[in-house]
Amino acid sequence: METTRIRLLGEAVDLVTPAEVMTFTAGRIAAGERGVVANHNLHSLYLVRREPEMRAFYAGADLIELDSTPMIFWGRLTRKPVRRQHRCTYLDWREAFWALAETERWRVFHLGGAPGAPERAMTRLRERHPRAVLAGRDGYFDATPGSADNEAVLAEINAFRPDVLFVGMGMPRQELWIARHYERIEHGVVFPVGAAFDYEAGVQTAAPRWMGRMGLEWVFRLASSPSRMAERYLVEPWSLIPAAFADLVQAYASRREPGDPEPLPG
């Protein structure tokens, strides 16, 4: 599947719709190929500037979703070919995914969440999609490479032979775990999905989708967990000012017609 990859706020993202994410996933599964579908939001843009392994994770991803309505607004302001339909995250394609997974009998493994949450999530998912093929376990284990816990988790995943592996351990833990262990995951398309199964289990409440479409999901999350989310939403975005300025310079340059004289200094 061909996609358009652009740079936004200094990082690469793919302009794909939720339907195109499903097409990519189905294509990889049908071909028996693995893959990694990452996602960028303002928090990840902050993290890749501070964690080399995070930057390596995104560099190796096969598809990078644009998981941020504010980033889409910024992309439109700076003349990027971004549209509202390019907003992609688990909550945007969950129903399409589970309908397809049930029809195609995909094997889906979920790693992450609090103890008991994956089991509750799978119970609720089976009520809606009784033919879904599911397995999973919580994210409370020693994820240190080479630890007994970690080896057992890898063995459990490979024994299940998933078509899709969801890793929901929060950013950046989930991305770092995938980066460190992807070569040992023998099957499947891998997605970092944050609190996806906590939502499915009813442990957390997702923001209404209209808030996501309007770019206000962060307000819901900040109000729900102010002490945990304050730095992410009120402090981290300021670190992106240099990248934002670079986008503005590029947008200004793109408006000039070929052959226009360079502006005089001062």
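Analyst: The face of helix 13 turned away from its buried side carries Pro242, Phe245 and Tyr252, which are exposed. Exposed means over 50% relative accessible area, buried means under 20%, and partly exposed lies in between, with a 1.4 Å probe and protein chains only. Helices (H or I, at least four residues) and strands (E, at least two) are DSSP runs, numbered from the N terminus.

Some ground rules come next. This is a predicted model, in which local features need pLDDT of at least 70 and side-chain atom pairs count only at pLDDT 80 or more, while totals for chains, interfaces and linings use all residues. Residues are numbered from 1 along each chain as its sequence is written, and side-chain values use heavy atoms, with hydrogens and water left out.

Helix 13 covers residues 241-255, and its 15 residues should span 21 Å at 1.5 Å a residue. The expected span is 1.5 Å times one less than the number of residues. The end C-alpha atoms of helix 13 are 21 Å apart, which agrees. Its buried residues are Ala243, Ala244, Asp247 and Ala251. The arc is that of the directions from the helix axis to the C-beta atoms. An α-helix has 3.6 residues a turn, so residues three or four places apart point the same way. The cover over the buried residues of helix 13 includes strand 1 (5-8) and helix 4 (69-77).

Helix 4 also holds Phe73. Phe73 counts as partly exposed because its relative accessibility is 36%. From Phe73 to Arg84 is 11 residues in sequence and 8.2 Å in space, C-alpha to C-alpha.

Helix 7 (residues 148-160) reaches 19 Å from its first C-alpha to its last, close to the 18 Å expected for its 13 residues. Asn150, Val153, Leu154, Ile157, Asn158 and Phe160 are its buried residues. They fall within an arc of 165° when seen down the axis, so they line one face of helix 7. Ala148 and Ala159 are exposed on the other side. The buried residues of helix 7 pack against strand 5 (107-112), strand 6 (133-137), strand 7 (164-168) and helix 8 (173-181). Just after helix 7, Arg161 takes a positive phi of about 55°.

Leu111 touches Val153 and Ile157, among others, once residues up to four places away in sequence are left out. A contact means heavy atoms within 4.5 Å. Leu111 is also among the residues that touch the most other members of the largest nonpolar core, which has 43 residues. Such a core is a set of buried Ala, Val, Leu, Ile, Met, Phe, Trp, Tyr and Cys residues joined through side-chain atoms within 4.5 Å.

Across the protein chain, the secondary structure comes to 13 helices and eight strands. Of its 266 residues, 49% are buried. The mean pLDDT is 90; pLDDT is the predictor's confidence in each residue, from 0 to 100. Over residues 260-266, pLDDT stays under 50, and the model has three contacts beyond four places in sequence for them.
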